[in-house]
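Please look at the sequence and the structure below before reading on.

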Amino acid sequence: MSMRLATAVACGLAVAAAFAPPRGPLRASPARGASAAGATTSAGDDVCAMLSLNARGVNGATVRAAREALGEAHVFATASLDEAEVAARVIVDRGYGVVLAGGGDGTLASTVAFLRAAAGDLAAVPAIAALPLGTGNAVARYVGGRGYRAWRGPRGVRRCVDALRESAPRRTLDVPILETGGGDLCFIAGMGYDAFILDDYERLVRSVRGTPLARPLGSVFGYFVATALRTLPGYVGGRRAMRVRVSSPDAAWVDGRRGDAAVRVRHADGGDVLYEGAATIVAGGTTPFYGGGLRLFPFARSDPGGKLHLRVATMSPWRFVPNVLGVFAGHYRAPAEAFDFLGDEFTVALLDGKRYPFQQSGDAVGARNEFTLRVAGAVTFVDFLGPPAPLAHLVAH
C-alpha cells in the first residue's frame, strides 16, 4: 500500500461501515409527464426500438423481428452517429416511454447521450430495455439478471416486446452513468491493461485490413492474438508500466481484507490524493461487470447512494492468470494488489509525462495523460428478471 493511501485510510479507520440493502423497492416506470410514484405505462405505441446496425448482434433478422413485433414506424435502425442523433430526437418528440436499445456498452452509452441531448435532461430520458446485441454487454448483463441471454437475437427481441406488453406495472432499476473529462457518457472507463489490449487489437486489425486475415482477426480471436503478440511483450519489455495519482474530494476506501466495510477517507494534510504509485489498471464502473462477465467492479451497486467503484490494481498479468477464476467471480481479494474506492468523482493523472490508451465502454478512444470520471446522474432501465445480488452491502461513513 502506498504511503499516501496508508495515511489517508489510517485517518478514517475509526469510522465503522454500516450495512444496508443495495437499493430501494423497484418502482413503476413513469409515463411521460407523470410522477414516478405508482405510475404505469401502456404497451402500445409507448415502446420503440433503436438498433445500431454496426453492433455485432444486429442484423437483418433482428431488425425484421423488431418491426414485426412493434411496427415499422416504431423501429429506428441506424448506421451512423448522425442517424442515431436524428432518431433520438424523433423518439423524444413522440414521447415514447420505453426504448429497446440494441448494441453493446458503447452503443448503449451513446444512445443515452443522444436521448439526453434531445430531451434536455438525463431525468427526462425514456426507460431503456437493454438488449445484449454487442461484443461487450456488461450493462445488459447486469440489468437483465441471470437470464440476460434470453434477450439475444431475433427471438430475444420478440421475447422482450412480449414481456413489455405483459408487465403492468413495469419494474425499473436506476443505474448511474458516468461523464468523462471530455463530456462523453459511459458506464465503464479506464486506463491500463484493458485499454492496452483494445488499442493493440485496433492496431492489429488496421495492419491486416484488406488481407485474408482481416475476417478472423476482426473477431474475438483477434483480442487473444493482440494480447499475445503486442500487449504481453510490451509488459515484458517494461514499456507498459504506469505511475498514477488518483484523487477525489470525497471518497470511501473498501477494506479488501473484509469486502464488507467501507471507510471514508479523511486526509491528514487536507489534500485529496487517494493513491500515488505504480498501477497496471485504473478503471471505474457503475455496474459490477466488465466484458465477458468479469466482475472487475464487485462493489459497484453495493451501496444505496449509487456511487462509482474505482479500482486501482498493481497486479501483473502473470498474477492474474493463476487467480483468474476468483477475479472473474469478484471474490479475489489482494489488499496489496487492488485498492477499491467508492465516490462520485475521481481524477487520474499519469506521473511519468506519457500518454497511454484510454477506453470507455470497452472501446479504445485515444491516448490521454489524465482523465476524470464523474457520476452524471442515473439511467432508468426496465428490470424484467432482477439483477444479480451484490457481493456486499456497503455504506460509506
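**Salt bridges in the model**

Glutamate 68 is exposed, with a relative accessible area of 60% (buried means under 20% relative accessible area, exposed over 50%, partly exposed in between, with a 1.4 Å probe and protein chains only). The model is predicted, so local features need pLDDT of at least 70 and side-chain atom pairs count only at pLDDT 80 or more, while totals for chains, interfaces and linings use all residues. Residues are numbered from 1 along each chain as its sequence is written, and side-chain values use heavy atoms, leaving out hydrogens and water.

Overall count
- The structure holds 10 salt bridges (a side-chain nitrogen of Lys or Arg within 4 Å of a carboxyl oxygen of Asp or Glu).

Arginine 158 and glutamate 68
- These two side chains meet in a salt bridge, at 3.6 Å from N to O.
- The pair links distant parts of the chain, 90 residues apart: arginine 158 is in helix H6 (residues 153-166) and glutamate 68 in helix H2 (residues 60-70).
- Helices (H or I, at least four residues) and strands (E, at least two) are DSSP runs, numbered from the N terminus.
- Arginine 158 is partly exposed, at 36% relative accessible area.

The network at glutamate 179
- Salt bridges link Arg116, Glu179 and Arg374 in a network.
- Glutamate 179 is buried, with a relative accessible area of 16%.
- Arginine 374 forms a salt bridge with glutamate 179, with the closest N and O atoms 2.2 Å apart.
- Arginine 374 lies in strand S19 (residues 370-382) and glutamate 179 in strand S6, so the pair ties together parts 195 residues apart in sequence.
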